Amino acid sequence: MRTTTVVIGAGHGGLAISRCLSDRSIDHVVLERNEVASSWRTERWDSLRLLTPNWQCRLPGHSYDGDDPDGFMTMPEVVDFIAGYAKLIAAPVQTGTTVTSVRRTDGGYRVTTDQGEWDCLSVVIATGAFNQPRLPEFAAGVPDSVTTLTAKEYRNPAQLADGGVLVVGASATGVQIAQEIQASGRPVTLAVGEHVRGPRTYRGRDIQWWMEAAGVLDERYDEVDDIVRARRVPSMQLAGTPERATFDLNALTSTGVQLVGRLAGVRDGNAQFSGSLRNKCNLADLKLGRLLDTFDEWATASGVDDDTPPPHRFEPTIAPEPPTLGIDLTKGTIETVVWATGFRPDYSWLDVDVLDPKGMIRHDGGVADSPGMYLIGAPFLRRRKSSFIDGARDDAQDLVADLASFLDRQASDVT
């Protein structure tokens, strides 16, 4: 089979690419191993909602049009939104098709699947950045008597034993899971490393409103000093709840969650924690203050001050003193460890020399280091908002414009 472009993955990123390709009359197919929006269907915990408000759910040619713009979609609602978008744009999706190899050919690429092969001039990788849990090497040292789960495997507290739970990682995923488990009556210890503190609302408006209005979300990858570092920054400690609750560390400790430093190792059944918790908290508080300064400066310059409550600052994060440096996991105080230590993409099927030593695709704003290959859905791909549904809208338009130029050059070379 032959087509001009093969898009691998039918999540919101792949579908955004499909719509932009259709707008330019570029023939293509979208290959999806399961169903449209598969990861949203099967790889999230039960109570999860989007971190971004509904009004921020925007894809090329379509945006949220429901009656709760300031709410936060549940996972079934996200699935309906993305699946509905696929139907709306009549995306040429071939479901139940697993890609097993992508290779270079003289004329472009050959995409091999369990349903046959496709030859194409260009490929867009839209498989997402969150395919495999990222675990530290010492995770294997957790005693067999302690149950371990990754955030991808966690569904609800009913899965867990009744005893204590150690949640490792304090980004958005970790704080949400810790809060839910603590509320179930199981005592939670949260291991905290580098993190980004964020209130749900500031000066009467959602923090995402401020982030967008002040231009923070639209900051481009070529405008930051260290894009490699920026792409590794943890996700902000946010949650989407009907109550618009804040999920920072102070909110968690007020419910009884115990804070410890970064999990540095597990030796002879003993979990060892860094003593730098206070420093990490102070740094997060400092960065939050700088972000709020950015909002306030924009509000003054834009004449928004009169329409919003006055600026204010949040209480510093309370870190326990002295810090806990170890927990003996063989004593039974911890029955379960939940790893909320992040994810990494899976490119095991990609047989093109575009991977760096860490297994990540070498790219410049989504233009991969192989002619005619593109990437969408990675953190800070082109903009700070790239990992959001809304970020796929602008990134897809940029990438398809570049892809169209590539095809034009190919055609010119032939003639």
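In this predicted model, helix α1 (residues 12-23) and helix α3 (residues 75-88) approach each other, with axes that come within 10 Å and cross at roughly 20 degrees. Angles under 35 degrees count as roughly parallel, so α1 is roughly parallel to α3. The crossing of the two helices is left-handed.

Which residues make the contact between α1 and α3? From α1 come His-12, Leu-15, Ala-16 and Arg-19. From α3 come Ile-82, Tyr-85 and Ala-86. By class, the contact of α1 with α3 holds five nonpolar residues, one polar and one charged.

**Backbone notes**

Ser-25 sits in the loop between α1 and β2 (28-31). Its phi is near 60 degrees, which is positive although the residue is not glycine. Most residues other than glycine have a negative phi, and most peptide bonds are trans.

A cis bond is found as well. The peptide bond from Glu-321 to Pro-322 is cis, and its omega is near -5 degrees. Where does Pro-322 lie? Pro-322 is in the loop between α8 (277-302) and β19 (326-328).

**The start of the chain**

Met-1 belongs to the segment before β1 (5-8). What does Met-1 touch, apart from neighbours within four places in sequence? Its contacts are Gln-115, Gly-116, Glu-117, Trp-118 and Asp-119. Trp-210 is another matter: 209 residues along the chain from Met-1, its C-alpha atom is separated from that of Met-1 by 47 Å.

**Cavities**

Rolling a probe the size of a water molecule over the atoms shows where empty space is left. How many cavities of 30 Å³ or more does a search of the whole structure find? There are two. The table sets out their volumes and linings.

| Cavity | Volume | Lining residues |
|---|---|---|
| Largest | about 40 Å³ | Glu-194, His-195, Lys-280, Leu-283, Ala-284, Lys-287 |

The lining of the largest cavity divides into two nonpolar residues, one polar and three charged. Among the charged class count Asp, Glu, Lys and Arg. Glu-194, Lys-280 and Lys-287 are therefore the charged residues of this lining.

The lining of the second largest cavity has six nonpolar residues, two polar and one charged.

Terms used:
Residues numbered from 1 in each chain as written. Predicted model: local features only at pLDDT ≥ 70, side-chain atom pairs only at ≥ 80, totals over all residues. Heavy atoms only, no water. Axes fitted to C-alpha atoms, helices over the stretch in contact; angles between N-to-C directions. Helix = DSSP H or I, 4+ residues; strand = E, 2+ residues; numbered from the N terminus. Parallel < 35°, antiparallel > 145°, perpendicular 65-115°, else oblique. Left-handed = near helix turned anticlockwise from the far one by under 90°. Contact = heavy atoms within 4.5 Å. 1 Å grid on protein atoms, 1.4 Å probe; cavity = no way out; pocket = protein on both sides within 12 Å on 5 of 7 lines; lining within 4 Å. Points joined across faces, edges and corners; volume = space filled by probe spheres on them.
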